[in-house]
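Welcome! Have a look at the picture and then follow the notes below.

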Amino acid sequence: MADIGILGTGAYVPRRVVANDEVGAAAGVDGAWIVRKTGIRERRWAAPHQATSDLATAAGRAALASAGITAEQLTAIVVATSTPDRPQPPTAAYVQHNLGAVAAAAFDVNAVCSGEVFALSAVEGVLSRRGGHALVIGADLYSRILNPLDRRTVVLFGDGAGAMVLGCDGRGARVRHTALHTFGDLADLIRVPAGGSRLPADRTALDAGLQYFAMDGREVRRFVEERLPPLAKQFLHDAGAAPADIRHVVPHQANGVLLRTVFTELGLPDASLHLTVTRYGNTGAASIPITLDAASRTGALRPGDLVLLAGFGGGMAAGLALVEW
């Protein structure tokens, strides 16, 4: 079996641009405060008629065009999302239908903001057994689950989708190594309390605002600052790559200020940090593939460059992938 390679990338963000002053008004903060705390200047929010599957479908089409293959050639479609169209069926089933990918097995992965890397790792297993091509999409529509009064969350998130087409025919950017981690003792640091089997979204829950996304921002930041650098260093050691070998870091776009701090701690002297958070905010599982697509389309990634993908977020989880472009 040939190495798994990324054959093409694609992305989609909604048309509506939401500026800091607009999103911060109800939360009692201004645009300057948001930039100072997060580095975010604007984000995109979906139109009322759009759902996560619509964003995912658009990104998937762009990735297929980039890879030069058709939907009929797909073996699998995996959608990484924590904001599905509905609790069931899987959002990937809608994407499969929209694309006309009749031969593709379709399923969702929910590892929140690490989801794209978790999905990438899952697809490695699918392709190693079945061959062919797979479409891996990270897509989230957080604007529907944000409390407009909560400045800790509403200023951070945008909507979007990013996608990769993977194949095992020896072409494309080679996926050299992946690693996945979950720290379930910290699972409640990021949460949507209501809407599941433990707490249905009944009238009592809705009146209490428990249908909204919530997080303990201070502890999440501590998790990222303390856990991600050592995990990344061990990952590179296990992958046989020296820190000086890495040319690009494409992280989950959680918070621009936090990312710059953590990037320094990674100790990668010749790497460039790729950020789209200033324009799009935190797009959940979509943020890594959106940012990778942007880096690819601007020509920043050159053949032979080593690219570190670093996802982290709810679960608490971390997913790392090393790609040789």
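**Helix α10 and what follows**

Just after helix α10, Gly299 adopts a positive phi of about 80 degrees. Please keep in mind that this is a predicted model. Let's begin with α10 itself and then visit some other places along the chain.

- Helix α10 covers residues 287-297, and the helix is mostly covered, with eight of its eleven residues buried.
- Which residues of α10 are buried? They are Ser287, Ile288, Pro289, Ile290, Thr291, Leu292, Asp293 and Ala295.
- Ser287 belongs to α10, and Ser287 counts as buried because its relative accessibility is 1%, under the 20% cut-off.
- The side chains of Ser287 and His252 are joined by a polar contact of 2.7 Å.
- Setting aside residues up to four places away in sequence, Ser287 touches Pro251, His252 and Gln253.

**Two helices side by side: α7 and α8**

- Helix α7 takes in residues 217-239 and helix α8 residues 256-266. Their axes come within 9 Å and cross at roughly 35 degrees.
- Is the crossing of α7 and α8 left-handed or right-handed? The crossing in which α7 passes α8 is right-handed.
- From α7, the contact is made by Arg221, Val224, Glu225, Leu228, Pro229, Ala232 and Lys233. From α8, the contact is made by Val257, Leu258, Thr261, Val262, Glu265 and Leu266.
- The residues of this contact between α7 and α8 divide into eight nonpolar, one polar and four charged.

- Pro243 sits in the loop between α7 and β11, a strand at 246-251.
- Is Pro243 buried, partly exposed or exposed? Pro243 counts as partly exposed because its relative accessibility is 38%, which lies between the cut-offs of 20% and 50%.
- Pro243 and Leu268 are 25 residues apart along the chain, and their C-alpha atoms are separated by 5.0 Å.
- Not counting residues up to four places away in sequence, Pro243 touches Leu236, Gly267, Leu268 and Pro269.

- Thr52 is in helix α3, which runs over residues 52-67. With a relative accessible area of 3%, Thr52 is buried.
- Which residues does Thr52 contact, leaving aside neighbours within four places in sequence? They are Thr81, Thr83, Pro84, Asp85, Thr91, Ala139, Asp140 and Leu141.
- Met215 is in strand β10, made of residues 214-215. Met215 is buried too, at a relative accessible area of 13%.
- Apart from residues up to four places away in sequence, Met215 touches Arg152, Thr153, Leu156, Leu189, Ile190 and Arg191.
- The C-alpha atoms of Met215 and Arg279 are separated by 22 Å, and these residues are 64 apart along the chain.

**Backbone details to look for**

- The peptide bond from Gln88 to Pro89 is cis, with omega near 5 degrees. Pro89 is found in the loop between β4 (74-80) and α4 (91-99).
- A peptide bond that is cis also leads from Gly315 to Met316, with omega near -20 degrees. Met316 lies in the loop between β13 (306-313) and β14 (317-324).
- Val112 is not a glycine, although it has a positive phi of about 50 degrees.
- Where is Val112? Val112 lies in the loop between β5 (105-109) and α5 (115-130), and Val112 is buried at a relative accessible area of 15%.

**Cysteines and disulfides**

- In general, a disulfide is a covalent bond between the sulfur atoms of two cysteines.
- How many disulfides are counted in this model? The count comes to zero, with a cut-off of 2.5 Å between cysteine sulfur atoms.
- Cys113 is buried, with a relative accessible area of 8%.
- Cys168 is buried as well, with a relative accessible area of 12%.

Note on methods
Residues are numbered from 1 along each chain as its sequence is written. This is a predicted model: local features need pLDDT of at least 70, side-chain atom pairs count only at pLDDT 80 or more; totals for chains, interfaces and linings use all residues. Side-chain values use heavy atoms; hydrogens and water are left out. Buried means under 20% relative accessible area, exposed over 50%, partly exposed in between (1.4 Å probe, protein chains only). Axes are lines fitted to C-alpha atoms, for helices over the stretch in contact, and angles run from 0 to 180 degrees between N-to-C directions. Helices (H or I, at least four residues) and strands (E, at least two) are DSSP runs, numbered from the N terminus. A crossing is left-handed if the near helix is turned anticlockwise from the far one by less than a right angle, and right-handed if clockwise. Contact means heavy atoms within 4.5 Å. Ala, Val, Leu, Ile, Met, Phe, Trp, Tyr, Cys and Pro count as nonpolar, Asp, Glu, Lys and Arg as charged, and the others, Gly among them, as polar. A polar contact is a pair of N or O atoms within 3.5 Å; within protein, one must be able to donate a hydrogen and the other to accept it, and residues adjacent in sequence count only if both atoms are side-chain atoms.
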